[in-house]
Amino acid sequence: MPGGNGTGVVGAGAVAGKRVVRPYGDTTGDGMVQVSFTLPVPHDKRAEGAAVQLANRMGIDPAMLVHAKPMSDGFTFFVVYGRVNHLVDLDQVQVVERDFPLLGAKEVNAVVKQRLRRKLSVVGACIGTDAHTVGIDAILNVKGIAGEKGLEYYRELKVTNLGAQVSVPELVEAARRERADAVLVSQVVTQRDAHLHNTREMSAAFREALPAGKRPLLIVGGPRFDETMTAELGVDRIFGRGTTPGEVASYLVHALVTSRKAGA
């Protein structure tokens with residue numbers, strides 16, 4: 001953090017002794033931010049004024065409109081740049097830290113073979129109306145993502161990829177048929193919180209269909225999930241954007257083989 005002092009405090013107005021930061025754009029601690037949004041109005045001077053007014057009410061003052069472009073009939077996209085006075089106390093930020101070691105493919109295979117003594121069964125899908133398989137394919141398919149191979153590459157993992165628009169009953173039946181140790185669900189469609197509704201429906205269906213000791217590990221992922229909502233959504237783990245196949249494989253080994261769940 002440029003401009004920080006010995007206490008970790010950055011920017012004017014910070015409380016001494018706290019790890020407080022503020023955004024900056026041109027100089028450290030100037031509070032400058034850039035935001036973008038769309039308003040359901042045609043592009044004209046009144047629309048630009050409305051964008052600035054909205055930015056002011058968001059706490060951006062002064063707000064400078066730096067970009068405005070018609071999106072379609074009756075919609076305009078805006079980019080606004082300006083100053084905020086808000087501070088962030090880093091000690092109050094809540095995140096889910098990785099609590100398991102990252103393992104290579106050879107290590108994952110070795111642990112599963114030695115400790116589980118059978119292949120670890122994984123079933124993956126996009127549920128509901130979600131047809132965006134890029135996320136689940138990146139984790140499961142051999143080709144993987146960014147040069148890292150997916151779970152199909154791991155010889156001690158048995159992977160079943162159901163693809164897109166899988167209903168919850170179909171997912172439960174497939175998990176039962178494949179004797180799944182873990183179920184991975186990717187949700188990209190988030191309109192009207194569809195990813196949350198679908199996840200709650202899935203977790204409820206597995207609780208109803210299988211006793212606690214027989215249920216697979218339930219894992220969901222997608223760009224709009226909050227990783228702190230596992231208990232609320234009834235799942236075991238949530239992975240956000242940027243998750244790699246290696247992270248998922250390492251978590252599976254941690255949760256199903258090297259932790260207490262291995263003996264459940």
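**How do we know?**

Modeller: Happy to. Let's start with Pro62, which sits in the loop between helix H1 (45-57) and E3. Keep in mind that this is a predicted model.

Biologist: What makes the peptide bond that joins Asp61 and Pro62 a cis one?

Modeller: Its omega: the bond between Asp61 and Pro62 has an omega of about 0°, and it is cis. Most peptide bonds are trans.

Biologist: Why do you say that E3 and E4 pair?

Modeller: Two strands count as a pair if there are at least two bridges between them. Strand E3 (residues 63-72) and strand E4 (residues 75-83) have 8 bridges, so they pair, and they do it in the antiparallel sense. Ser72 stands opposite Phe75 in E4. The hairpin has 2 residues between the strands, and Gly74 takes a positive phi near 85° there.

Biologist: How do you know that Arg22 has no salt bridge?

Modeller: A salt bridge needs a side-chain nitrogen of Lys or Arg within 4 Å of a carboxyl oxygen of Asp or Glu. For Arg22, the nearest side chain of opposite charge is Asp30, 7.0 Å away, so there is no salt bridge, although Arg22 is buried.

Biologist: Which backbone oxygens does the Arg22 side chain reach?

Modeller: That of Gly29, at 3.5 Å, and that of Val84, also at 3.5 Å. Arg22 itself lies in the loop between strand E1 (20-21) and strand E2 (32-39).

Biologist: Why is Arg192 called exposed?

Modeller: Exposed means over 50% relative accessible area. Arg192 has 81%, so it is exposed. Its place is the loop between E8 and helix H5 (194-209), and its phi is near 55°, a positive value in a residue other than glycine.

Biologist: Where is Gln165, and what is its phi?

Modeller: Gln165 is in the loop between E7 and helix H4 (168-177). Its phi is positive, about 55°, although Gln165 is not a glycine. Most residues other than glycine have a negative phi.

Biologist: What makes a group of residues a nonpolar core?

Modeller: They must be buried residues of the nonpolar kinds, joined through side-chain atoms within 4.5 Å. The largest such core here has 28 residues, with Leu120, Leu151, Leu184 and Leu252 having the most contacts inside it. H7 gives the largest share of this core, 8 residues.

Biologist: What is Leu184 in contact with, beyond its neighbours within four places in sequence?

Modeller: Among others, Val122, Ile136, Leu151, Ile219 and Val248. There is also a second, separate core of 23 residues, including Leu171 and Phe225.

Notes. Residues numbered from 1 in each chain as written. Predicted model: local features only at pLDDT ≥ 70, side-chain atom pairs only at ≥ 80, totals over all residues. Heavy atoms only, no water. Buried < 20%, exposed > 50% of the residue type's maximum accessible area, 1.4 Å probe, protein only. Helix = DSSP H or I, 4+ residues; strand = E, 2+ residues; numbered from the N terminus. Contact = heavy atoms within 4.5 Å. Lys, Arg positive; Asp, Glu negative; His and termini not counted. Polar contact = N/O pair within 3.5 Å; in protein donor to acceptor, adjacent residues only side chain to side chain.
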